[in-house]
Amino acid sequence: MTATAVVTAVLAGSAACGTVENLSAGQKLDRAVDKLGAERSLGFELDLDADAKTLQALDTDAAPGEELPDQVAELLSGAKISVSVQSKKPLAESGEKDITGVAVKVTGTKGDLLEYRVVGDYTYFRADVDALSSAAGSPAPAADELPPEAGALKNILEGDWVKVATKDLQQDALGEAVGGKPSAEPTLDAKTQNKIVKALRGVIARDVEFKTAAEKDGTEHITATAPFRTLLTGLFDGLRPLSKELPAGAELPTDKDFKDAPNAKVTADFALKNGALTEVSVDLAKLAENAKVKQLAVVLRMNKGEKATVPAGATEIKLDELMQGFLGSSPLAPAV
């Protein structure tokens, strides 16, 4: 929600700095984001609009024998990531404590690959370990072949639901080991955030062209088009004067880092249904600079979202016990 809102808000404000058509597009995007933020439940679905052969065609620089395997290409081309979030307040006003449920699922052409849910004090997860390990080219051991000390690792290999106390997952491993508290993540204050948004808007208003299309069947499309390298270079040039105000360790790339990036025009298409943002599609085919790549896009779809519920029969595990089970079942584990 935050990423979509920030990107769209920057685009909306940038458009409002430009032509009359840009102003109209900016206002519509702004209202669409407001509608998303007013929801208390929201879902996203992210996937690649590309087939396996297209993904393999992108891997032209791979050394012999290191090309993208067929099974990995098939997995990536058919995979979708779905996210649902529920809150006690409108999402635009929500903080971490207001979130009542989160559900994330990764699906493939043959079913669910990975899923986790955060409900109450626990995080629940399960995985199709056989499918994931097969795609990675490293088959997982059979659950019934593991020794007794493997414990909950057997449940995971069998694809059963397991649960872990969320507070344990949030603990900083080093801080816990030395009896300290996890270090706080670096954050940006509101003043710095406003400076960043203002800097980005100026660049986008200069380099991005917005167009609107006539509404059809209740859906309207707004496109934003810009030359990739020019836009990327301009965005970081705009951020560079603010580098001292960014969190420690945040190093910005230089113009030299982008010299080999393609400068083909990239288009983002925003679909609005009855004024609400329903889909964002970014066409990346031209960036491939490969005649074999005809269809390559990243697509993000919005929906009402499904309520995150507690799965039945989940086995509670402890992270330290899980690691002991993993080491105990590994052929590389030292003999005791």
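This report describes the fold, sheet, cores and aromatic contacts of a predicted model.

## Basis of the description

The model is predicted, with local features requiring pLDDT of at least 70 and side-chain atom pairs counted only at pLDDT 80 or more, whereas totals for chains, interfaces and linings use all residues. Residues are numbered from 1 along each chain as its sequence is written, and side-chain values use heavy atoms, with hydrogens and water left out.

## Overall composition

The chain contains 11 helices and 12 strands; these are DSSP runs numbered from the N terminus, helices being H or I of at least four residues and strands E of at least two. Of the 336 residues, 35% are buried, where buried means under 20% relative accessible area, exposed over 50% and partly exposed in between (1.4 Å probe, protein chains only). Among contacts (heavy atoms within 4.5 Å) between residues at least 6 apart in sequence, 62% join residues at least 24 apart.

An open sheet with mixed pairing is formed by 12 strands in the order 7-8-9-10-11-1-2-3-4-5-6-12; two strands pair if DSSP finds at least two bridges between them. Strand 7 (209–212) and strand 12 (315–316) are the edges, each having a single partner strand, so one side of each lacks a neighbour in the sheet. Strand 7 runs antiparallel to strand 8 (residues 219–227), to which 4 bridges join it, and phenylalanine 210 lies opposite alanine 224 of strand 8. Helix 10 (residues 228–239) packs on the sheet, touching strand 8 and strand 9 (265–273), and its direction makes about 80 degrees with that of strand 8. For such angles, axes are lines fitted to C-alpha atoms, for helices over the stretch in contact, and values run from 0 to 180 degrees between N-to-C directions.

Strand 1 has antiparallel pairings with strand 2, over 7 bridges, and with strand 11, also over 7 bridges.

A nonpolar core is a set of buried Ala, Val, Leu, Ile, Met, Phe, Trp, Tyr and Cys residues joined through side-chain atoms within 4.5 Å. The largest has 29 residues, of which Phe210, Phe270, Leu272, Leu277 and Met302 touch the most other members. Two or more residues each come from helix 2 (20–37), strand 1 (41–49), helix 9 (190–207), strand 8, helix 10, strand 9, strand 10 (276–283) and strand 11 (297–303). Helix 9 contributes the most, with 5 residues. Leaving aside residues up to four places away in sequence, leucine 272 has contacts that include Lys28, Leu29, Ala32, Ile222 and Leu277. A second, separate core of 10 residues includes Ala152, Ile156, Leu157 and Ile317.

In helix 4 (residues 70–78), the buried residues are Val72, Ala73, Ser77 and Gly78. Their cover includes strand 1, helix 3 (52–57), strand 2 (80–87), strand 3 (99–108) and helix 5 (129–135).

## Aromatic contacts around tyrosine 122

There are 2 aromatic pairs, counted where ring centres of Phe, Tyr and Trp (its six-membered ring) lie within 6.5 Å; planes under 30 degrees apart are stacked, over 60 edge-to-face and the rest tilted. Tyrosine 122 and tyrosine 124 have ring centres 6.3 Å apart and planes at 50 degrees, so this pair is tilted.

Tyrosine 122 is partly exposed at 24% relative accessibility, whereas tyrosine 124 is buried at 5%. The charged end of lysine 163 sits over the ring of tyrosine 122, 4.4 Å from its centre; the criterion is NZ of Lys or CZ of Arg within 6 Å of the ring centre and within 35 degrees of the ring normal.
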